[in-house]
Amino acid sequence: MPEQPDLSVTLSGVTLKNPVIPASGTFGFGREFAGIYDLDILGSISLKGTTEAPRIGNPTPRIAETPSGMLNAVGLQNPGIDTVIGEELPAIAELFHGPLIANVCGFSVEEYARNAARFADCQQIAILEINISCPNLHCGGRNFGSSPETAAEVTRAVRASTSKPIYMKLSPNVGDIAAVARACEDAGADGLCLINTLLGMRIDLRSRRPVLANRTGGLSGPAVLPVALRMVWDVFEAVRIPIIGCGGVSNAHDALEMMMAGAAAVEVGAANLVDPLTCPRIIADMPRICREFGFDRIADATGAAH
Ligand SMILES: Cc1cc2nc3c(=O)[nH]c(=O)nc-3n(C[C@H](O)[C@H](O)[C@H](O)COP(=O)(O)O)c2cc1C
């Protein structure tokens, strides 16, 4: 076995120096974390979900603690695509020099396609992650990730708007995630990202009211790891396109487990909020974990459990 295992992975022709990616919504546009460590150690960064218009998000309280995790109902707070492209991308260009992932949101099929086309024109953006799975929005009464038909509709529209790699970010709040994944693949997706948060809630005993002003929120953190692993496993069996695995990863063992289930790369979300040095630690531990479990190349771990 070579001294240094090869940590690089490839997603639809885009090479990442390692498979570790901070997940959308837990890393902003990188600025806060750049004060803590050198962002260039990361494989990529999934930027905060972006809509056409600026959004202040949902009313507070919009975060709640849970056993082994957290609920959030942030509701896609973001400065809007003009500001993201005009100000955030130039700012992050100074801090991170690798390929970036844009997290594209929309309230209509047409808005998804427009936002995707605008990000695709940005040289820094290598992959478009199409978020059809935010549980905290009621997109005109529809959640696009909730059925194979609506997921395929968004995929087709985005596909027609760009030739850059498009990865559909899937919702775990469905009965058969493999069916949604297959519909996205058939409609032209280059890859998939899963999972987004699981719909949940908490009640305040004194006020006899839900803790979150939005009533419900999305559960993430270590509690969801087994759910995410099962879904990545099922989707890996159902499609041929690459999967970015996400959900509950907080150390290098979790990341390797996610890859063995079928992920080609791994996103780390809530763990960044618990300890901002989580991603650097996972990257630093990866060579040792590769040696311990017998991988010269971490890419060989993808699907190794099947
Ligand atoms: C505070 C917060 C904000 C989030 N915002 C977004 C977002 O804008 N777009 C998106 O696709 N996912 C968003 N997510 C979901 C995460 O990217 C990730 O899919 C989910 O939290 C599961 O991973 P984890 O268990 O590692 O946190 C958000 C999650 C949290 C905790």
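**Strands and helices**

Tutor: N72 stands opposite G218 in β13. This is a predicted model: local features need pLDDT of at least 70, side-chain atom pairs count only at pLDDT 80 or more, and totals for chains, interfaces and linings use all residues. Residues are numbered from 1 along each chain as its sequence is written.

Student: What counts as a strand, a helix or a pair here?

Tutor: Strands (E, at least two residues) and helices (H or I, at least four) are DSSP runs, numbered from the N terminus. Two strands pair if DSSP finds at least two bridges between them.

Student: In which sense do β5 and β13 pair?

Tutor: Antiparallel. Strand β5 (69–72) and strand β13 (217–220) share three bridges.

Student: And how many bridges join β10 to β13?

Tutor: Three, and those strands run antiparallel. L198 stands opposite L219 in β13.

Student: New topic. What is the strand order in the open sheet of seven strands?

Tutor: The order is β3-β15-β14-β9-β8-β7-β6, with parallel pairing. The edge strands are β3 (20–22) and β6 (100–104), each pairing on one side only.

Student: Which residue stands opposite M168?

Tutor: L192 in β9. Strands β8 (166–169) and β9 (191–194) pair in parallel over three bridges.

Student: Which strands does helix α6 touch?

Tutor: Helix α6 (225–238) packs on the sheet and touches β9 and β14 (243–246). Contact means C-beta atoms, placed from the backbone, within 7 Å. The direction of α6 makes about 165° with that of β14. Angles run from 0 to 180 degrees between N-to-C directions, with axes fitted to C-alpha atoms, for helices over the stretch in contact.

Technical notes:
Two residues are in contact if their C-beta atoms, placed from the backbone, lie within 7 Å.
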